[in-house]
Amino acid sequence: MKKVIVENLKYRYPAMKQLALDEISFEVEEGEKIGVIGRNSSGKSTLCQALVGLTPHFYKGTYGGRVIVDGLEIKHATVSEAALKVGIVFQNPFTQVTGAKLTVYEEVAFGLENMGLSRAEMIEKVDRALHLLNIYPFRNQNPFSLSGGQMQRMAIAGIIAMRPSIIVLDEPTSQLDPQGTEEVFSAMDELSAEGMTVVIVEHKMEKVAQYCDKILVMKDGKRAAFDTPAKVFSRDDLSELGVCAPVYTNICKALGKKEGAYYPVTLAGAARVLGARR
Amino acid sequence: MKSLSLYVERDSFIHRVDPITKLFYIFAAIIVPFVMKDLTVSIVCAAVSLILLAVGKVLRNAITVFACLFLIMITIFLIQALANINNATVVFSISGIHFYAEGMINGVKIIMRMTDMVAAFLILILTTKPSDLVEDLIRAGFSPRIGYVIMSIFQIVPHMAGAIDVITDAQRARGVETKGSLPVRIKAFLPLLGPVVLNSFMNTKERAMALEVRAFDAKNKKSFLNEAVNFRHAMAYRVLFVLLAVSAVAWRAGGVLL
């Protein structure tokens, strides 16, 4: 079942001449994990905003094409209506703290309160989200007292607790250490296994290659590629797209070692083709 | 992180009273002494409010606030004692300055009313979590948007103060003198305004988006994680406070008419 349908999406910010999104089209199946990569200012964040309706409802500007998430056409729904189907986590964790709650637990429950859920349902969902993101021990702390990484995981938990069918993450690991990054990706993996569709903007290519089913490469607001990690990272024009392949892929490229028709993109794949033994 | 909230965590009867009932108490504590205009009533009301602070185990915290008001109270008392329009009876004189009985009584009355009013508000502020107050008000029909604004002030303003410190440090690192005499501090303060204000605007926009995507504007009825403070005799106390206020007004109106 298709959870995200983007058709000929065009968007230009007010007072800008250049299109931020230019004829973008792609489809995402239920439970798929899509990595969005590309240079800075290639339109990745704008695409994330378009998926949840912040574009065109929050940011005005010129908008064309269609975005349909879980059967809801974003153009005809409010952001709050769309929020029940698709959640987004932004890059800056600080601005995702509502500022109206005194503990991490209450902060994560904020969206559920707005949805009008019963207290018992809230507790169940908040507990699960806090455990999944490994921040349960901080539940009684003030949200502003957390570190950047903890705050980001709290922001993700706040969205996950709302159990949207699609979650969009815009560089969620930019402030996380390697362990925190791994925890976020594993959490996404677990949610995806339960049927949640994940769209994640990320610069850590090894993680994108390891966890994502498909990769959307953006360049100057256009879709430059949309395929499996192996196909995308095996391309010869990656540098023109402003993308670096994972280090394992580069090693295998340098040694000319392919796994079938494509270069391996993960450590396990590289170990296989290089014949490494444990 | 510091919060603007003055809430003091204690286990007391006053802490267990729900916030709306405390608002009713404030209403009565203000109306009764102001309407009745009697010194004894003012003293009794002030004493009751102070006793309630003591019952709430927050009298010591309240004293800090009263210490800040001490200068104002003394000033009011002196002005009244020296220059009240009804002054006639000299009680004592110091270096030819006469202190009058009428003014002193009126000064004490005003101080007692102030004490009562401030203590009544402190009962609410020191013994009630801001979130409990706001959530109870929203449950009673108050706008969630205004509730959010009130709550966020407690958290975001101290955080902005923290951001000012960070920007000050950054400017100091670039050689801007931020410490010293008042003119030096004012000179250092002006370049702070640009980054702080711009930063706040940007954060506000992003936070507005974050609220939207967490269904803040959803049309359905909101629910609450925290259960309402369940105070058994809330209604009886509220009726009592309203009756006290209404009786005071009626007594005054009757007195005026007679």
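**A tour of salt bridges and a kinked helix**

Start by selecting Glu27(A) and Lys2(A): they form a salt bridge, with their closest N and O atoms 3.6 Å apart. (A salt bridge is a side-chain nitrogen of Lys or Arg within 4 Å of a carboxyl oxygen of Asp or Glu.) The partners sit 25 residues apart, Glu27(A) in strand β2 and Lys2(A) in strand β1 of chain A. Strands are DSSP runs of E with at least two residues, helices runs of H or I with at least four, numbered from the N terminus.

Before moving on: this is a predicted model, where local features need pLDDT of at least 70, side-chain atom pairs count only at pLDDT 80 or more, and totals for chains, interfaces and linings use all residues. Residues are numbered from 1 along each chain as its sequence is written, chains are lettered from A and ligands numbered from 1 in the order written, and side-chain values use heavy atoms, leaving out hydrogens and water.

Next, pick Asp18(B) and Arg238(B), whose side chains meet in a salt bridge (2.6 Å, N to O). This pair spans 220 residues, from the loop between α1 and α2 to helix α9 of chain B. Both Asp18(B) and Arg238(B) are buried (under 20% relative accessible area, with exposed over 50% and partly exposed in between; 1.4 Å probe, protein chains only).

Now hop to Lys109(B) in helix α5 of chain B. Lys109(B) is buried yet has no salt bridge; Asp38(B), the nearest side chain of opposite charge, is 6.8 Å away.

Last stop: select residues 182-212 of chain B, helix α8. Look for the kink of about 30° at Leu192(B), shortly before Pro195(B); the bend is the angle between axes fitted to the seven residues ending there and the seven starting there.

Note on methods
Lys, Arg positive; Asp, Glu negative; His and termini not counted. Expected span 1.5 Å × (residues − 1).
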